[in-house]
Amino acid sequence: MKVSLFVTCLVDQLWTSIGLSSVEVLRRVGCEVEFDKRQTCCAQPAFNTGYRDEARQVARRFISIFEESKADAIVSPSGSCTAMVHHYPELFADDPEWLERAQKVAAKTHELSSFLIRILKVEDVGASWNGRLTWHDACHGLRDLNIKSEPRTLIRNVRGAEFVELEHADACCGFGGTFSVKYPEISVAILDQKIEAIDRAGVQAVVSGDASCLMQIGGRLSRKGSKVRAMHLAELLASK
Amino acid sequence: MNPLSSETFGENAKAALADVQLRGALKYATSLFGERRKEAAEGLSNWEGLRTQARAIKDEALLHLDRYLEEFVSNAEACGAQVHWARDAAEANSIICRLSKDARTIVKSKSMTTEETHLNHALEAAGVQVVETDLGEYIIQLAEETPSHIIAPAIHKTRRQVADLFTAELGTPATDDIAQLTRIARTTLRDRFAAADVGISGVNFGVAETGTIVIVENEGNIRLTTSVPKMHIAVMGIEKVVPRFADLDVFLKLLPRSATGQRSSTYQSFITGVKRQPTAEGPEELHIVLLDNGRSRLLAHPVTRQSLACLRCGACLNACPVYQQIGGHAYGSVYPGPIGAVITPQLMGIEKTAQLPYASSLCGACREVCPVKIDIPRLLLHLRSEIAPRKGSTTERLAFKMWGRVMTSPMLYKLSSIAGRIVQRVIPISKAWTKGRDLRPIESKSFHELWND
């Protein structure tokens with residue numbers, strides 16, 4: 001299957017190993033991966049802060065680029081950015097032409113774990129990683145895209161990995177995009193609940209499907225001098 | 001009135017975060033409510049179906065609100081109720097003050113709608129004594145505070161604080177035994193009920209088909225408020241109408257489970273008109289004050305209309321990670337939490353409430369628990385889109401304009417990435433971020449560049 005990777009701006013700039021790992025995993029399961037270098041951002045920061053004109057501008061560009069692709073699917077290592085693409089039709093509710101184009105692109109866009117499980121029907125990507133780890137449900141993947149069992153299935157099939165459920169795994173980490181810098185104190189207070197749960201889980205790594213949550217969680221873990229690693233699912237699945 | 005303003009939400013929140021007792025009380029209460037709600041919902045096999053059905057009924061009622069309101073009014077009047085229409089809070093208060101002008105004592109049961117109109121202040125200004133009879137409301141009335149939760153108004157208070165308050169205000173012996181504290185309140189309140197000429201309540205549902213008002217509670221104080229005094233005044237938002245009596249089946253399953261995790265509220269009062277033969281039940285005079293106060297404005301908009309479906313169960317507050325940390329007062333509004341952040345700017349206008357829709361991480365936990373499936377995150381986003389272009393700071397508006405340029409130009413995107421790598425070495429990019437968290441540095445090579453290699 002031919003796949004066009006939407007790497008997301010965050011991964012592109014701040015966490016490239018997630019992008020490289022995604023390519024590695026997709027190729028390992030037999031996908032041909034293309035990367036359109038004109039891509040930038042999904043428009044989420046503007047959409048979530050309330051700047052819809054700017055969001056539409058960036059969304060139109062995303063649609064124009066990705067609808068040219070001959071790939072069977074657009075895959076992204078982010079539930080949040082994928083959910084944003086799925087929100088595009090809302091941005092073009094009054095614009096029938098763009099609405100249709102937005103719907104077509106949205107229908108082709110998948111988050112990595114759900115693409116592996118739901119589309120490719122692959123549950124074991126042949127990864128191995130030694131240690132005890134847990135999973136944090138990133139909110140948009142969980143509640144906008146209904147991704148819950150998919151990452152857990154993939155993680156359970158990683159050789160050597162001992163998976164434990166995180167207490168309140170589905171509770172928000174407090175990131176919330178601009179929320180994390182508009183109200184940093186609340187954001188960190190919410191985050192500390194997550195950090196305490198991770199501490200109690202006694203794991204070597206906390207895995208999630210969004211670089212944004214992982215920056216939030218990882219940033220606090222590192223500030224607190226914790227040895228627990230914040231790891232993206234793609235990085236785990238690429239491990240051999 | 002809440003001394004805090006929505007305009008200082010950020011500061012209010014910081015103060016709340018520093019209040020150890022408050023956070024302890026919140027953590028205990030919100031998680032308890034949350035767990036009980038979950039168990040109660042899981043105990044019903046058709047929970048999702050009930051939610052869908054409830055929302056459909058609400059949608060139907062709201063879409064034909066004019067018709068159902070008329071039907072409700074004519075049926076209520078046929079049973080002897082007197083109905084008053086109030087365009088806004090001031091009008092509602094003046095109607096109620098006029099009706100109770102000869103009253104010596106008014107007993108009142110818990111009602112967020114009367115909090116919305118600041119009725120107690122209006123009554124006190126008119127020289128009438130009003131006593132809150134819900135235990136939580138009574139506590140905060142004694143403390144001269146405002147509710148910090150829709151169904152648990154004193155959720156922010158610990159048992160110790162209540163004990164101290166009772167000793168200071170009622171002169172009762174010091175005890176922090178909950179049963180004893182409740183007994184103290186009950187004894188004090190029983191006398192008030194006996195003396196009261198007027199009882200004021202809110203309304204959970206108004207049934208169009210029969211003109212019945214339905215009120216649910218656990219303490220029995222509503223039963224007393226609506227039956228002991230000669231006159232009962234019920235204050236009801238116009239959105240509380242449901243078409244048919246049979247619709248209550250759905251709502252009375254969803255509401256108590258969502259609110260407290262109970263299968264049923266201890267008391268469910270169905271009040272249809274005044275005391276008449278042959279049953280001789282109910283008050284001699286029943287006045288229903290129908291309050292608009294901005295609701296018809298919400299009704300006009302297809303996206304925001306759904307906010308009027310709210311049952312005021314408070315489940316979204318308990319589920320909200322922001323509310324769990326800061327509680328209700330920090331919002332500076334009558335209605336706190338996710339639903340408060342949605343309805344307050346719509347009812348009051350965005351001038352002083354523009355921060356509220358941003359008081360959310362958009363995690364969606366509120367939508368997941370809402371018994372009538374209100375898409376709160378979507379409404380927050382909608383409100384943000386109305387607020388940002390008008391009320392966003394100049395810096396923020398400019399930043400997003402520039403961001404739009406950068407994100408639509410591969411050249412600018414590449415340049416700003418390189419610039420960012422250099423700048424981050426010289427100045428901290430985001431102080432707001434780095435206060436509590438380490439910042440991941442920009443990679444020396446972007447994925448774009450790595451793809452080439």
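**Close-up views of a predicted two-chain model**

**View 1. Where chain B meets chain A.** In this predicted model, the contact draws 48 residues from chain B and 50 residues from chain A. On the side of chain B that touches chain A, the elements giving two or more residues include helix 1 (9–17), helix 15 (321–326), helix 18 (376–391), helix 19 (394–407) and helix 20 (410–426) of chain B. Sorted by class, that side of chain B holds 25 nonpolar, 13 polar and ten charged residues.

**View 2. A closer look at B:Lys14.** You will find B:Lys14 in helix 1 of chain B. From B:Lys14 to B:Met231, 217 residues apart along the chain, the C-alpha atoms are separated by 44 Å.

**View 3. Domain 1 against domain 2 in chain B.** Chain B is assigned domain 1 (20–27 + 39–296), domain 2 (302–391) and domain 3 (394–452). Taken over C-alpha atoms, the centres of domains 1 and 2 of chain B lie 22 Å apart. Here 27 residues of domain 1 are in contact with 22 residues of domain 2. Helix 2 (20–42), helix 3 (47–63), helix 6 (112–116) and helix 12 (248–260) of chain B each give two or more residues to the domain 1 side, which has 13 nonpolar, six polar and eight charged residues.

**View 4. Into the largest nonpolar core.** This core has 203 residues, and A:Ala43, B:Val289 and B:Cys316 are those with the most contacts inside it. Beyond its neighbours within four places in sequence, B:Val289 is in contact with residues including B:His84, B:Ala86, B:Ile95, B:Ile233 and B:Met236.

Notes. Residues are numbered from 1 along each chain as its sequence is written. Chains are lettered from A and ligands numbered from 1 in the order in which they are written. This is a predicted model: local features need pLDDT of at least 70, side-chain atom pairs count only at pLDDT 80 or more; totals for chains, interfaces and linings use all residues. A nonpolar core is a set of buried Ala, Val, Leu, Ile, Met, Phe, Trp, Tyr and Cys residues joined through C-beta atoms within 7 Å. A residue is buried if 20 or more other C-beta atoms lie within 10 Å of its own, exposed if 12 or fewer, and partly exposed in between; C-beta atoms are placed from the backbone. Two residues are in contact if their C-beta atoms, placed from the backbone, lie within 7 Å. Helices (H or I, at least four residues) and strands (E, at least two) are DSSP runs, numbered from the N terminus. Ala, Val, Leu, Ile, Met, Phe, Trp, Tyr, Cys and Pro count as nonpolar, Asp, Glu, Lys and Arg as charged, and the others, Gly among them, as polar. Domain bounds come from an automatic or database domain assignment.
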